[in-house]
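Here is a short briefing for a reader new to this structure. It covers the sheet, its helices and the aromatic rings.

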Amino acid sequence: MAYTFGATVTRAPRGNPSAAVIFLHGLGDTGNGWAPVVDSGALKVKDYAKFVFPTAPTQAVKLNGGAMMPAWFDLPGNLAEMLTNIDWKGVNASIGYLHSLIDTEISNGIPSDRIVVGGFSQGGCIAMRAALKYPKPLGGLCLASTFLGPDQQVEIADCNSKIPTLWCHGEADPMVPLLFAQMGVSALQSKGIPLELKTYPGLGHSASPEELAKMDEFLTTRLPQAPATPPPTSEEVSKMSVKELKTYLGSKNINFAGCFEKTDLVSLALSSL
C-alpha cells in the first residue's frame, strides 16, 4: 500500500531556532494532539527550540477491528503480539518519513546533535527505531508509554550507539503494560544504550504534569540554550551578502519587504545595531 502522511504541526520560537524536537503521536491521534503541550508552556525548551509534530498515515488497524485511523504501522489483533509480530512495511515507511523530517531540520541549519527525537506509544516505537538507525549523531531520545517490539531486529548506527535516552511510563498503563517497557528497556540496555526508565505510580496510558516536567528536564539537558550571539559590527554588516542580510534581518524580526537594493538592506541592518 502507498502511505500518505498527514499534516505536520510545528511550534517555533521567534527568530532562528537553535535546536529541534520531533515528536510522534500515538495510535489514532494527530500532530495536533501534542502541540498544546508546547502552547501550555510546560516545556521551557520551546523558547529556543522548534517542535515538529508529524501525523501518521490513516490506515486500517487490526487491533481496533480494522477501523481506519492515523497509525504509524498496523498493530496485530492480540496485544501481546506487539512484542513478536510487527508490520515491517509500515514501520519502515514511517522510519523513512521520520528520517526525511530530520534531514529537513539539518538542511535548515540545525546540527544533528541538536535534534531530539521522541514519541508516545506507537510513535515512540518508531522514534526509537528511527533514531538508533539514523546515520548522523542525534541529541537524544525522549519516549513515553511505548514499546520496542521485536528487539532482535533493532538496527543501531555506530554514531547513535550511545544516544542518551529517557523512557517514561505509567505503572497503571492498561494499553502498553509496564512489563512491555521493562522488556524494551532491558533489550536496549543490553545493546549498550544509556537509558533511564522513569515510572509513575497510578498513571495510565497518558502523560502527567510530573512526566512532562521530567521530559523538559531531559530536553533542556540534551539541548542547552546556546549562548547569545553578539551582534555583528558595522563592518561585518557591510560585507554581508544579500542572503546573509535577509537572514540577519529575519532573525531580528525586521520587515525588509520594501528593500529592493542591497544598500537598502545594509542601511536597515545598520539601524538595528
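Which strands does α2 lie across? Helix α2 lies across β2 (19–24), β3 and β6 (115–120). Its direction runs at about 165° to β2. The model is predicted.

**Sheet**
- An open sheet is formed by 7 strands, in the order β1-β3-β2-β6-β7-β8-β9.
- The pairing in this sheet is mixed.
- At the edges are β1 and β9 (195–200), and each pairs on one side only.
- On average, neighbouring strands of the sheet are turned by 15° against each other, direction ignored.
- Strand β3 (residues 49–53) pairs with β1 in the antiparallel sense, over 3 bridges.
- Arg-11 has Phe-51, in β3, as its bridge partner.
- Helix α4 (residues 178–190) packs on the sheet and touches β8 and β9.
- The direction of α4 makes about 165° with that of β8.

**Aromatic rings**
- The structure holds 6 aromatic pairs.
- One of them is Phe-5 with Tyr-97, a stacked pair with 4.0 Å centre to centre and 10° between the planes.
- Phe-5 lies in the segment before β1 (9–11) and Tyr-97 in helix α2 (residues 88–107), so this pair ties together parts that are 92 residues apart in sequence.
- Phe-5 is buried, with a relative accessible area of 18%.
- The rings of Phe-73 and Phe-147 have centres 6.4 Å apart and planes at 70°, so they form an edge-to-face pair.
- Phe-73 sits in the loop between β5 (67–70) and α2, and Phe-147 in the loop between β7 (140–144) and β8 (165–170), 74 residues apart.
- Both Phe-73 and Phe-147 are buried.
- Phe-5, Trp-72 and Tyr-97 are linked into a cluster by ring pairs.

Note on methods
Residues are numbered from 1 along each chain as its sequence is written. This is a predicted model: local features need pLDDT of at least 70, side-chain atom pairs count only at pLDDT 80 or more; totals for chains, interfaces and linings use all residues. Side-chain values use heavy atoms; hydrogens and water are left out. Rings of Phe, Tyr and Trp (its six-membered ring) pair if their centres lie within 6.5 Å; planes under 30 degrees apart count as stacked, over 60 as edge-to-face and the rest as tilted. Helices (H or I, at least four residues) and strands (E, at least two) are DSSP runs, numbered from the N terminus. Buried means under 20% relative accessible area, exposed over 50%, partly exposed in between (1.4 Å probe, protein chains only). Two strands pair if DSSP finds at least two bridges between them. Axes are lines fitted to C-alpha atoms, for helices over the stretch in contact, and angles run from 0 to 180 degrees between N-to-C directions. Contact means heavy atoms within 4.5 Å.
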